[in-house]
Amino acid sequence: MKTDIQIAQEAKLAPIQEVAAKLDIPAEDLEFYGKYKAKLSDELLQRTAGNPDGKLVLVTAINPTPAGEGKTTTSIGLGQAFGRLGKKAVLALREPSLGPCFGIKGGAAGGGYAQVVPMEDLNLHFTGDFHAITSANNLLAALLDNHIQQGNELNIDPRQIVWKRCLDMNDRALRNIVVGLGSKMDGMVREDHFVITVASEIMAILCLADDIEDLKKRLSGIIVAYTFHGEPVTAEDLHAAGAMTALLKDAMKPNLIQTLEHTPAIVHGGPFANIAHGCNSVKATRAGLKLADIVVTEAGFGADLGAEKFFDIKCRKAGLKPDCVVLVATVRALKYNGGVPKNELSAENLKALQKGIVNLEKHIENLQKYQVPIVVTLNSFVTDTKAETDFVEQFCKERGCEFALSKVWESGSEGGIELARKVLATLEQKESHFQVLYPDEAGLEDKIETIAKEIYGADGVTYSPAAKKELQRITKLGMGGFPVCLAKTQYSLSDDPDKLGRPEGFTVNVREVYVSAGAGFVVAVLGSIMTMPGLPKVPAANAIDVDENGRITGLF
């Protein structure tokens, strides 16, 4: 089997205007970035805003394991299969971050014969959206420090600066730094911090904003610090919103590319699900709903993180109503949850499968709380046995879920026909009665505890003194009605990555809390999760190279 990058590089891409034509988008509504990438014009989005909405299908997964689940691969394969069946479908996906590409996870363009292309462009600089977000974030940081240096008219307390710089790279050395060293002209000496760009509030704002005016309004509301009297200082107070909006003007426009089978894919925005809200932009999803009959989108990592935030933050904020959920699992991952070491996952082991399937069971139960029809799909591996797949199928049917095998990695759209037909039947026969998990008017602690107990299965929540104090301050500022974004490990339903399967008898600990006032949600950081990841001992970057012909190798 060829590598993903070999398959992607050997693919014959269609000119992007031909891909756009499948969605009835004329060439004059495309802003070209070469032959195979384009941004959608504001005029197109305004002109189609009155179109009826298509069906919205969310793809999510069980908790990720080293065995791999293939959520994005399944999303892309499903979109291709809809096209093969003659349906007008579009993918609405997130842009990959450079951090994981050079770290341990790799890129996020799918795999095998279910990929979005050009794969190298997407995984590296793409259309520059992330660079624009990084620049806007750091412009605000520079204006903040400059204001303090130039007399501090706003009476900002340097000990209460909450705005952090960002970089789209895994770099643990930047988590906690000191700035302003040197002479008096080099700024005030203070502690500072970096987050990865996908955890920046500006990423969240870009992905939740309706248009340029909404973007500017949200940027204006960002809280960057507090005064010596405890009053919030915003980006508007620093007169920063206009310049930040200028940097983000083009980044606000959704990007159009294609799959290996020329299915249109709108790829825009990319907050992580473990440390941010984990969904592509509202603007991209809405564009898809107006341009196609079926939109396939995804939420990051497992359903406990990505799907919960998709429902409780994105859908709540944007008024979206998902029509169906596809829950991805693999036999190998379920056996891993059952205690089987990674190097022994190829052997049939029904006992371990029975033990580990409780992780899938919990995710099914969680999704059912939102009243959206569920289709469970097994991303097939050649080592899976009939006894194993039959066991999972029966398990799902007993819990009221449709079931389908997916073989899109090896066969592209052909391998996704069974899944596509199950999803189509679900869309036709079952009605979504979507509801969010908690009401807006619930208190912040109530919201956190509802997610921890209902979604994670925790017995309760503990708080650091600083987190407790910050929750009180946010509520006093009138932001207690915001939804909450819980940042935790993706590897477990708990906040401990080593607790596999379906943990019981545990509490989660809220270490830190801060408000993303412009984005409109409160972030609670659980356990030891970091908003600036580090590189592994052997980074993926070590294997990436460019040959004498300018061809990239080693990217995955």
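Visitor: What should I know before we start?
Guide: This is a predicted model, in which local features need pLDDT of at least 70 and side-chain atom pairs count only at pLDDT 80 or more, while totals for chains, interfaces and linings use all residues. Residues are numbered from 1 along each chain as its sequence is written, and side-chain values use heavy atoms, with hydrogens and water left out.

Visitor: OK, how many residues does H19 have?
Guide: Helix H19 (residues 444-456) has 13 residues and reaches 17 Å from its first C-alpha to its last, close to the 18 Å expected at 1.5 Å a residue. Helices here are DSSP runs of H or I with at least four residues, strands are runs of E with at least two, and both are numbered from the N terminus; the expected span is 1.5 Å times one less than the number of residues.

Visitor: And which residues of H19 are buried?
Guide: They are Leu444, Lys447, Ile448, Ile451, Ala452, Ile455 and Tyr456, where buried means under 20% relative accessible area (1.4 Å probe, protein chains only). Seen down the axis of H19, these buried residues fall within an arc of 130°, so they line one face of the helix; the arc is that of the directions from the helix axis to the C-beta atoms.

Visitor: What comes just after H19?
Guide: Gly457 does, with a positive phi of about 85°.

Visitor: Switching to H4, how many of its residues are buried?
Guide: Twelve of the 14 residues of H4 are buried, leaving this helix mostly covered, and among them are Lys71, Ile76, Leu78 and Phe82. H4 is followed by Gly86, whose phi is positive, near 85°.

Visitor: Now the second largest pocket, what is its volume?
Guide: The volume is about 830 Å³, counted as the space filled by probe spheres set on grid points that are joined across faces, edges and corners. On a 1 Å grid over the protein atoms alone, a pocket is an open set with protein on both sides within 12 Å along at least five of seven lines, a cavity is a set of points where a 1.4 Å probe fits but cannot get out, and lining residues have an atom within 4 Å of a point.

Visitor: Which residues are closest to its centre?
Guide: Of the 36 residues lining the second largest pocket, those are Ile161, Val162, Lys164, Glu512 and Tyr514. S22 gives the most to this lining, with six residues.

Visitor: How much space lies in the largest cavity?
Guide: About 70 Å³ lies there, and helix H7 (residues 129-149) supplies the largest share of its lining, three residues.

Note on methods. Buried means under 20% relative accessible area, exposed over 50%, partly exposed in between (1.4 Å probe, protein chains only).
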